[in-house]
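Dear colleague,

Please find below the structure I am handing over to you.

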Amino acid sequence: MKNNVYFKYLKPASIELLYAGLSILVALIIGAFFILFTETSPLVAYQRMFEGAFSGNNIYATLFRSTPLILTGLAVAFAFRSGLFNIGAEGQYLIGAFTAAWAGFYFTNLPRIIHLPLVLILAIIAGGLWASIAGFLKAKLGANEVINTIMLNYIAIYLTISYGIRAVNEQPGQPGTPFILSTARIGNLGEIMNVPAIRVHGGFIIALLAALFMWYFMWKTKSGYEIRAVGLNSHAAEYGGVNVAKNVILAMFISGALAGLAGAGEVLGTHSRFIQGMNAGHGFTGIAVALVGNNNPFAVVLSGLLFGALSQGGFAMGRVGVPRDIVTIIQALVIFSIAISQVIRTHLAKKRAKEAAK
């Protein structure tokens with residue numbers, strides 16, 4: 001029984017991890033040449049990056065930076081599995097974050113056991129409904145979801161940052177919404193350990209639970225099977241009796257809900273309010289996280305940790321004279337290397353299929 005579970009779920013994730021590891025190694029080797037231009041030893045730079053990401057309390061900082069990336073990565077991966085390219089995770093992230101901030105200060109005199117779940121549920125629904133707009137247009141009118149989600153990103157930025165912050169603040173010029181009440185805050189590990197420098201919060205646990213949810217929903221439920229069938233071949237799925245339109249909208253709702261949850265985590269666990277700098281690009285980075293994780297929920301978690309480590313380790317590399325742009329180049333090289341490996345694997349699979357058919 002254990003072997004069956006391993007081969008069905010964990011082995012595919014471990015294979016993806018192996019390919020990702022090889023791709024990362026290639027990216028680091030190529031990135032070393034860029035580091036040489038800064039007159040810094042690549043070995044020293046990578047050593048500092050590793051120490052900056054994993055030594056001592058830095059591991060907590062890596063988990064902290066990984067949290068929103070895991071959730072937005074899962075959001076994009078969920079849509080990919082259903083054959084949709086949700087490039088609007090950034091907008092759904094902002095809508096979820098703003099809704100969480102508003103509910104966090106608007107509802108007063110509620111006990112924590114009611115307030116916190118209420119805020120999270122509202123953020124999930126808001127992010128899901130925002131993505132459902134693109135899903136509805138795709139399902140009913142055939143409108144391309146890529147274009148729709150890009151446009152929805154711009155609208156979300158205007159609604160939340162350009163207009164929303166001013167609308168909920170009585171005093172003009174405030175850089176964010178009012179602070180949320182303590183009953184809406186997610187617990188912080190640093191508070192428990194009495195180490196203020198540790199910023200990782202309960203959102204990381206929520207991200208892991210979200211990965212389990214995606215795995216269970218996709219591979220253990222009828223709705224998940226139908227969504228994957230639509231993603232593989234919508235015409236065949238429709239011929240088999242699957243309601244394609246309903247599943248497209250449902251897939252976009254769940255995808256947006258995961259992105260909205262990422263935004264809620266940043267508000268409730270990190271900033272304690274919605275601030276002007278919330279559009280930090282977590283939604284766009286989630287696309288890369290999903291691609292590196294090959295849309296496998298367990299591999300997406302590892303991919304999110306990788307990007308979090310690169311981000312955190314990049315600060316340490318800066319202390320030895322390596323510009324932070326080099327870290328961005330290395331991230332791009334990782335994505336490029338994995339994309340190339342996917343192309344090679346697809347080509348080899350087709351070649352083997354042709355040989356088997358002869």
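The chain has 14 helices and zero strands, where helices (H or I, at least four residues) and strands (E, at least two) are DSSP runs numbered from the N terminus. The radius of gyration, taken over C-alpha atoms, is 21 Å, close to the 21 Å from the globule rule for 358 residues, so the chain is as compact as a globular protein of that length; the rule is 2.2 Å times the number of residues to the power 0.38.

This is a predicted model, in which local features need pLDDT of at least 70 and side-chain atom pairs count only at pLDDT 80 or more, while totals for chains, interfaces and linings use all residues. Residues are numbered from 1 along each chain as its sequence is written, and side-chain values use heavy atoms, with hydrogens and water left out.

Along the principal axes, the C-alpha atoms fill a box of roughly 75 × 60 × 40 Å. Of the 358 residues, 48% are buried (under 20% relative accessible area, 1.4 Å probe, protein chains only).

Helix H13 covers residues 297-318. Its 22 residues should span 32 Å at 1.5 Å a residue, and its end C-alpha atoms are 32 Å apart, which agrees; the expected span is 1.5 Å times one less than the number of residues. Because 17 of these 22 residues are buried, H13 is largely enclosed by the rest of the structure. At the start of H13, a side-chain oxygen of Asn296 comes within 2.9 Å of the backbone nitrogen of Phe298.

Yours sincerely

Terms used: Buried means under 20% relative accessible area, exposed over 50%, partly exposed in between (1.4 Å probe, protein chains only). A polar contact is a pair of N or O atoms within 3.5 Å; within protein, one must be able to donate a hydrogen and the other to accept it, and residues adjacent in sequence count only if both atoms are side-chain atoms.
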